Amino acid sequence: QVQLVESGGGLVQPGGSLKLSCAASGLPFSVLLVAWFRQVPGKERERIASYLTTGAGTYYADSVKGRFTISGDHAKKTLSLEMHNLRPEDTAVYYCAAPENPYQRPNEYSYWGQGTQVTVSS
């Protein structure tokens with residue numbers, strides 16, 4: 001059984017920083033791609049960062065590029081998202097997720113966590 005559990009969300013001032021973590025268990029050995037998404041109620045989920053556990057590369061959405069950093073620890077089966085210079089528009093529920101195979105589209109990934117709320121407000 002696959003489980004993804006996010007943590008680290010909370011309330012932060014604009015311009016502040018926050019670090020999110022995702023603990024994974026039960027992921028098949030074939031799963032090498034993991035990602036962070038975020039969603040605001042009434043809007044579509046947005047893929048903000050992806051990470052290849054092989055170390056081959058990373059992806060960042062333009063909305064977070066230069067401010068967020070994705071990283072992973074394959075041995076500990078954890079995924080992190082360091083967020084800096086946070087803005088009110090970063091307010092959302094953040095999810096970690098992974099595909100069953102490399103051909104799945106981001107919003108069709110098979111494995112998802114329950115999400116953690118990030119609120120950026122003064």
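**Note on an all-strand chain**

1. S50 is buried because its relative accessible area is 4%; buried means under 20% relative accessible area, exposed over 50%, and partly exposed in between, with a 1.4 Å probe and protein chains only. The model is a predicted one, in which local features need pLDDT of at least 70, side-chain atom pairs count only at pLDDT 80 or more, and totals for chains, interfaces and linings use all residues. Residues are numbered from 1 along each chain as its sequence is written, and side-chain values use heavy atoms, with hydrogens and water left out.

2. The protein chain contains 0 helices and 11 strands. Both terms refer to DSSP runs numbered from the N terminus: helices are H or I with at least four residues, and strands are E with at least two. In sequence order, the pattern of the protein chain is β-β-β-β-β-β-β-β-β-β-β.

3. On overall dimensions, a compact globule of 122 residues would have a radius of gyration near 14 Å, and the 14 Å of the protein chain agrees with this. The radius is taken over C-alpha atoms, and the globule rule is 2.2 Å times the number of residues to the power 0.38. Along the principal axes, the C-alpha atoms occupy a box of roughly 45 × 30 × 25 Å.

4. Of the 122 residues in the protein chain, 36% are buried. The accessible surface is about 6900 Å², and carbon and sulfur atoms hold 50% of that surface; such areas come from the Shrake-Rupley method with a 1.4 Å probe, and for residues only the protein chains shown count as cover.

5. Contact means heavy atoms within 4.5 Å. Among the contacts in the protein chain with a separation of 6 or more, 54% are between residues 24 or more positions apart.

6. Which residues touch the most other members of the largest nonpolar core? They are W36, L81, M83 and Y94, in a core of 27 residues. A nonpolar core is a set of buried Ala, Val, Leu, Ile, Met, Phe, Trp, Tyr and Cys residues joined through side-chain atoms within 4.5 Å. At least two residues of this core come from each of β3 (18-25), β4 (33-39), β5 (46-52), β7 (68-73), β8 (78-83), β9 (92-98) and β11 (116-120). Beyond its neighbours within four places in sequence, Y94 is in contact with several residues, including L20, W36, I48, F68, L81, M83 and V118.

7. S50 belongs to strand β5. Neighbours within four places in sequence aside, S50 is in contact with L33, V34, A35, G57, T58, Y59 and I70. Its C-alpha atom is separated by 12 Å from that of Y95, a residue 45 residues apart from S50 along the chain.

8. Is S80 buried or exposed? S80 counts as buried because its relative accessibility is 12%. This serine is placed in strand β8, and, apart from neighbours within four places in sequence, S80 is in contact with K19, L20, S21, W36, T69, I70 and S71.

9. A97, in strand β9, has 1% relative accessibility and therefore counts as buried. With neighbours within four places in sequence set aside, A97 is in contact with L4, V34, A35, F37, Y109, Y111 and W112.

10. Leaving out neighbours within four places in sequence, S63 is in contact with R38, E46 and R87.

11. The loop between β8 and β9 holds N85 and P88. N85 is partly exposed at 42% relative accessibility, and P88 is partly exposed with a relative accessible area of 45%. Not counting residues up to four places away in sequence, P88 touches P14 and V120. P88 and R105 are 17 residues apart in sequence, and their C-alpha atoms are 28 Å apart in space.

12. The backbone deserves a remark at two residues other than glycine. N85 has a positive phi near 50°, and K77 has a positive phi of about 55°. K77 is in the loop between β7 and β8.
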